[in-house]
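Hello,

Here is the structure you will be taking over. Please open it first, then read my notes below.

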Amino acid sequence: MNLGIALGESFGVHPGAWRMPGADPLAYTNVDVAVRSARAAERGGLDFVFFPDRVFLHGDLSASPPMFSMEPLLILTAVARETSRIGLVPSVSTSFNEPYALARQLRALDVISHGRAGWNAIPSYEPEAFANYGKPLPQGNEKYERLHEVIQITQALWGSWKREAGQPDPQAGRFADMAHIKPVNLQGRHVAARGPIQIPPSEQGQPVIFMPVASNRGLQPLGMYANGIIAMPMTMEESRTQRQIVHRSAIQAGRTADDIRFVPFIGFGLGASKREALDRRRVLEDRIDLAPRLARLSMMLGARLDPQRAEEPLATAQIDALRPHSAIPRSAEAVALAREGWSPRDVIAHGVLDPNPGLVGTPDEAADLLQKWFEAGVCDGFTIVPDDQQDSIDAFVDEVVPILRRRGLRPADYRGATLRDHLGLPEQLGIDPRLSSST
């Protein structure tokens, strides 16, 4: 079972986390916060930290901090110097960056970290992002045409300095064998590069490419380039379907299903007992306005909730009339909890409003959920989403990971030094030769 953790939110994914006692209100600009979180994850032997990104101001700053980090590549370069084993995966858009700049920056992170870098390659789609770069939204196929060209040329540049170039030899007076450092001279419709790159390969060859789940035109690049898929299914069946689609895309591209690790988001709120876990989450809920949360829950339940009775279980007549909303994820779960007799406040505390699957409960329950998904074959592991970074990473590392290890689902320690080692992937340098006929 592969395990990573998402650290793009400076405080945690719960909207009340930034207002908790002890939270650093300047965490958004304090790289030490990211370093501490990454080191905690590394202490638990997690495979990678993942930094999502948006290249525009995302969120209403009048009431909450920005939703994403300052700049993932720069933050992870700082994290690289303070960690030694955990993988480092920044999101970097293919819509605005030139292949040579991407190849150089990501190769530098990979070399600085001794082979621990990944790249979440994403084509941007938001009008605000394109406006920041003074560009119009792309038409038709252009977004994915550019993505193909950017990834292929970036990988070709990574392969332009081969291992056969050797190591510096002061005695012989030769730094590198230029017969194995060659230009690529690739010209596409959207981007181009001459090369070669001026940085040698890392211990793993080149960064591991991650991509988000996509549909339609986005499926082909997933099958061709991705080794990791960070997905957002809300149910086991949705996860199974997405994973199967991704695997079919890989096989159609001439690769195998084993080339791709499907690691969806999942979140937890942990406590020594169910009640303790719910009370911890309720403290987070107390930091934000209850009214919009109750309004959302009302839609999920198909019932009007009285804020003055939010601490009381629903009346029998209300329970009999509950109807889950088919278009709202986790609505059926919310209805089931209400029928069990939980109050609206406690139903919310169960995490039904979270943007990802998961649970609020004990470490054993968290391990059970991970094991259930993994052994059902709906994923290859998970990307953990902390609700409050002050304590949830340590709780997962100290209380859930040991259970997974005892059950034989996680190794006792890292089994290698590079991100490819952690994910069980072979070294790669340059474009995958199985795709050469289509490049």
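Leaving aside neighbours within four places in sequence, T154 is in contact with P99, L102, A103 and W119. T154 sits in helix α5, which covers residues 142-158. Its relative accessible area is 0%, so T154 is buried. Keep in mind that this is a predicted model.

Now the chain as a whole. The secondary structure comes to 15 helices and 12 strands. The C-alpha atoms fill a box of roughly 85 × 45 × 40 Å along the principal axes. The radius of gyration is 23 Å; a compact globule of 439 residues would have one near 22 Å, so the two agree. Buried residues make up 54% of the 439 residues. Take the contacts with a separation of 6 or more: residues 24 or more positions apart account for 76% of them.

Next, the surface and the charges. The chain exposes about 19,300 Å², and carbon and sulfur atoms supply 52% of that. There are 47 positive and 52 negative charges, and their mean positions are 4 Å apart.

Side chains of opposite charge can pair when their charged atoms come close. How many salt bridges does the structure hold? The count is 28. Three of them are described here.

R434 and D259 form a salt bridge, with the closest N and O atoms 2.9 Å apart. R434 lies in the segment after α15 (419-423), and D259 lies in the loop between α7 (236-252) and β9 (261-262), so the pair ties together parts that are 175 residues apart in sequence. R434 is partly exposed, at 37% relative accessibility. D259 is buried, at 12%.

E311 pairs with R282 in a salt bridge, the closest N and O atoms being 2.5 Å apart. This pair links distant parts of the chain: E311 is in the loop between α9 (290-301) and α10 (316-321), while R282 is in helix α8 (residues 274-285), 29 residues apart. E311 is partly exposed at 44% relative accessibility. R282 is buried, with a relative accessible area of 15%.

R407 forms a salt bridge with D368; here the closest N and O atoms are 2.8 Å apart. The pair also links distant parts of the chain, with R407 in the loop between α14 (392-406) and α15, and D368 in helix α13 (residues 363-375), 39 residues apart. Salt bridges with shared partners also join R275, D279, R282, D286, E311, R345 and D346 into one network.

Best wishes

Technical notes: Residues are numbered from 1 along each chain as its sequence is written. This is a predicted model: local features need pLDDT of at least 70, side-chain atom pairs count only at pLDDT 80 or more; totals for chains, interfaces and linings use all residues. Side-chain values use heavy atoms; hydrogens and water are left out. Helices (H or I, at least four residues) and strands (E, at least two) are DSSP runs, numbered from the N terminus. Buried means under 20% relative accessible area, exposed over 50%, partly exposed in between (1.4 Å probe, protein chains only). Contact means heavy atoms within 4.5 Å. The radius of gyration is taken over C-alpha atoms; the globule rule is 2.2 Å times the number of residues to the power 0.38. Accessible areas come from the Shrake-Rupley method with a 1.4 Å probe; for residues, only the protein chains shown count as cover. Lys and Arg count as positive and Asp and Glu as negative; His and the chain ends are not counted. The place of a charge is taken as NZ of Lys, CZ of Arg, CG of Asp or CD of Glu. A salt bridge is a side-chain nitrogen of Lys or Arg within 4 Å of a carboxyl oxygen of Asp or Glu.
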